[in-house]
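Welcome! Have a look at it first, and then we will go through it topic by topic.

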Amino acid sequence: MKTTLKLAAATIAAAFVIGAAHAEEGGAAGAAPAAVAAASSQQAAQDQIRLTRVTPAYWKVTFASPPFNIVGPKEVRQLVRIVEQIEADPAVQVVVFDSAVPDYFIAHYDLLTPLEDSTGMAPGPTGMHPVPDLMVRIARLPVITIASIRGRATGIGSELALAADMRFASREKAILSQWEVGAGLVAGGGPMARLPRLVGRGRALEILVGADDIGGELAERYGYVNRALPDAELDAFVDGLARRIASFEREAIVETKKLVDVASLPPDAEMQPGWDAFIASVKRPATQARLKSLVDQGLQRKPEVERKLGARTAAYRKQ
Amino acid sequence: MKTTLKLAAATIAAAFVIGAAHAEEGGAAGAAPAAVAAASSQQAAQDQIRLTRVTPAYWKVTFASPPFNIVGPKEVRQLVRIVEQIEADPAVQVVVFDSAVPDYFIAHYDLLTPLEDSTGMAPGPTGMHPVPDLMVRIARLPVITIASIRGRATGIGSELALAADMRFASREKAILSQWEVGAGLVAGGGPMARLPRLVGRGRALEILVGADDIGGELAERYGYVNRALPDAELDAFVDGLARRIASFEREAIVETKKLVDVASLPPDAEMQPGWDAFIASVKRPATQARLKSLVDQGLQRKPEVERKLGARTAAYRKQ
Amino acid sequence: MKTTLKLAAATIAAAFVIGAAHAEEGGAAGAAPAAVAAASSQQAAQDQIRLTRVTPAYWKVTFASPPFNIVGPKEVRQLVRIVEQIEADPAVQVVVFDSAVPDYFIAHYDLLTPLEDSTGMAPGPTGMHPVPDLMVRIARLPVITIASIRGRATGIGSELALAADMRFASREKAILSQWEVGAGLVAGGGPMARLPRLVGRGRALEILVGADDIGGELAERYGYVNRALPDAELDAFVDGLARRIASFEREAIVETKKLVDVASLPPDAEMQPGWDAFIASVKRPATQARLKSLVDQGLQRKPEVERKLGARTAAYRKQ
């Protein structure tokens, strides 16, 4: 059954059982059958990723899918619809991405849905798979996008933040990471293309291959985020900056961003290979063993696992 | 009359009156008729932008045009002559750009001269308009250029600093900004090409589209300047560094810089589009309305407006 | 006699005497005749640059050539052999470069061997001279390389650190520098290609043309190193990170690094010109005079000269 949870079941049957069992026990998995069914309703979609028009020029996209803000194929489709609305609207000038879930901006990609739900998605307008397609389209939006990061932004959470034009983080509560290599995976949403250009090769390789949790303060020192602000000031700061930009002329913003794009966006051609490497890596037995171990420990189910993902990946011992 | 002050008068006649009236009242505008006449005298030019040969190998270019160090077509011509002298001199190895005007490195481009004074300038040797031409030639000079920033370096002030090889700022007194988008303008002197390569895409977009004032300390954290030094130490530090470089072998400096250029200079082709976008943006009615509002408040006339440019642009309410 | 010490003797005969005399006096020069003879024995080579297999996946390359860890043609050959072993081994995943010599990571290139010992080396597999060849091959190794910098990393020491994937420095004891321009030289191991991409054009030019000593804390602020850690924590931190990476899957590491390479490695073609410029610069009379002055003061012989190289180069007065 397509809606049953399984972990790349085509490759390792055991993963199927483990994932499913845990989802039933805990009820917290990102893709419980009922939720998957509901995803076809746009209303439900809007509830998981909320689009708020604060003003005609200032919109907010809020991840509100407790307990971990897991992003899988369903959420990718919701994001695509939201990006289409931003692309089509002539008045919007600035979009803030934030989270309504305590401790999580976006945990990571959903590893408990069938792999074919991800691989089987039709390509986006760029000709790429919807995940790299989404990342490229967000970066090229004719508006300014700001990621306001409180809690964990790991894997695709970090990648969405990196696709945004700017990133501001809670000094105390932000945790950024590209955890993928720690789980035997290759990151699929473009950080190999974006991070070296943002923070330099040395720090990019540390983030990507060290694959450890990076707090707000270090993220600022590395240039991973624009600034880390005291948690109590983050919302007001981002709101103030967004309203400021929303008060400016759209044409000046669009033309300025276009010239910055020329100087700084990675070629689109660097994005798809990352996604392909991610999918190839999921299927490898060694990766499956690592993922199974993480699911056994409580991935996508237990906060103590999601919260300390960097430590959990390091605890794995090769057979 | 060409020498009468006007603000893109061809487009919005009202601006003419406003600019002229203010200039007569305050007497502080950058291009009062008498000053424009005097500009044909190279002596007067030398007084506004002073070239000092500290030693044969160490020169200083000092902006000395109170009260705001406004740079317009006249000052661009002076800078071109200075750059030609640097290009032609076989002994000079290091050039420091600084200011003799308290609180201002360079405020911004002169918005009270007729637009055609800027658009009508003959192209420079690169084939580009003299402003982008100047920026490209400064960056490629076979000497090391150091911007010593005390006070406000906004718009073309920031762009000249970015064209220099290094930037050092007063921790307490430097204010850097690309304020243009806040006034409905697109920055014309190359920061969309230079800033992303210097500070990364995220911080570049914040600087360019947030268009707010950036103090010395934040400028250092962002990599906008090499370092922010205590104001009391800035001059001695820059002088020491300049004398150090002046004591080295010219060939080693020139060859080293040429290889750094290969790795880091934006293609010249990225510069002219910024200038074209700037000129196009000046002519837009919405931009004219914003500029008129700023002139009404006292742009290029009242220190309280120039000093808080970032706040002033945000105060504008769209009609 | 080829093994006698001389400083680019073909150009300036005086240098020969000076270098030789000093080496006999002090006995500390990197290439005393006996040592040069011994270099043909691979055993001696292994003693100067030690390769330790901490685990099959985690190797260490330790510079152990007191008193300054000078790197010359002999050490380059040893490094080539080590790189060949890393390239050929299917199990190694992470290699740490560190030093067993107090106060020195690697001082700089050996300036007391005959120039033809360097220029006469057969090209490496990339078709380039072994020095740029080595730098390119280290950067492209299918493993993660980490430079752990305690003490001075100058010239080729800095360049080897920059060829590594990551750099961590002792906050109190690291000194990084590209001192070459201060001695009339052009840096030969690639920093003009790497530094601007790592720390931005402004800071790269300051490092390369200011040519001064950079402490650990400033090196971190500039992004020259990933982080500067308290000296007492450096070894444990680097060891922990290396063991972490060694515990991950090799394929995920290799594929991730390959995509980072696409986004961040300078083109190989930028490396050879730096080496050529270095060799050309050594031969110039003005450079020879500067080097002679440094050798007279005690270069490669007296710790007080090596320790304050930045100050020593600035003390030179042109004739």
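A residue is called buried when its relative accessible area is under 20%, and exposed when that value is over 50%. With that in hand, keep in mind that what you are looking at is a predicted model.

**Alanines with a positive phi**

- Which phi does C:A211 have, although it is not a glycine? The angle is positive, at about 55°.
- You can find C:A211 in the loop that runs between α9 (201–210) and β7 (214–215) of chain C.
- Because its relative accessibility is 0%, C:A211 counts as buried.
- In chain B, B:A211 is not a glycine either, yet has a positive phi of about 55°.
- The loop between α9 (201–210) and β7 (214–215) of chain B holds B:A211, and with 0% relative accessibility B:A211 counts as buried.

**Cis peptide bonds**

- B:P66 and B:P67 are joined by a cis peptide bond, with omega at about 5°.
- To locate B:P67, look in the loop between β2 (58–63) and α4 (73–88) of chain B.
- Chain C has a cis peptide bond between C:P66 and C:P67, where omega is about 5°.
- C:P67 sits in the loop that links β2 (58–63) and α4 (73–88) of chain C.

**Where chain A meets chain B**

- In this contact, 35 residues of chain A face 34 residues of chain B.
- How much area do chain A and chain B bury between them? The figure is about 2900 Å², and 56% of it lies on carbon and sulfur atoms.
- There are 8 salt bridges between chain A and chain B.
- A salt bridge forms between the side chains of A:E255 and B:R284, at 3.1 Å from N to O.
- The interface of chain A and chain B also has 21 residue pairs in polar contact, counting pairs with both residues at pLDDT 80 or more.
- On the side of chain A that touches chain B, at least two residues come from each of β6 (166–177), α8 (191–199), α11 (231–246) and α12 (250–264) of chain A.
- The largest share of that side is supplied by α12(A), with 12 residues.
- Sorted by class, the side of chain A that touches chain B has 18 nonpolar, 6 polar and 11 charged residues.

**Where chain A meets chain C**

- Here 34 residues of chain A and 35 residues of chain C take part in the contact.
- Chain A and chain C bury about 2900 Å², with 56% of that area given by carbon and sulfur atoms.
- How many salt bridges are there between chain A and chain C? The count is 8.
- C:E251 and A:R284 meet through their side chains in a salt bridge, at 3.4 Å from N to O.
- Between chain A and chain C, 20 residue pairs are in polar contact, both residues being at pLDDT 80 or more.
- Two or more residues of the side of chain A that touches chain C come from each of α8, α9 (201–210), α10 (216–222), α13 (271–282), α14 (285–297) and α16 (309–315) of chain A.
- Which element gives the largest share of this side? That is α9(A), with 8 residues.
- By class, the side of chain A that touches chain C is made up of 16 nonpolar, 8 polar and 10 charged residues.

Terms used
Residues are numbered from 1 along each chain as its sequence is written. Chains are lettered from A and ligands numbered from 1 in the order in which they are written. This is a predicted model: local features need pLDDT of at least 70, side-chain atom pairs count only at pLDDT 80 or more; totals for chains, interfaces and linings use all residues. Side-chain values use heavy atoms; hydrogens and water are left out. Helices (H or I, at least four residues) and strands (E, at least two) are DSSP runs, numbered from the N terminus. Buried means under 20% relative accessible area, exposed over 50%, partly exposed in between (1.4 Å probe, protein chains only). Contact means heavy atoms within 4.5 Å. Buried area is the accessible area (1.4 Å probe) that two parts lose on being put together, summed over both. A salt bridge is a side-chain nitrogen of Lys or Arg within 4 Å of a carboxyl oxygen of Asp or Glu. A polar contact is a pair of N or O atoms within 3.5 Å; within protein, one must be able to donate a hydrogen and the other to accept it, and residues adjacent in sequence count only if both atoms are side-chain atoms. Ala, Val, Leu, Ile, Met, Phe, Trp, Tyr, Cys and Pro count as nonpolar, Asp, Glu, Lys and Arg as charged, and the others, Gly among them, as polar.
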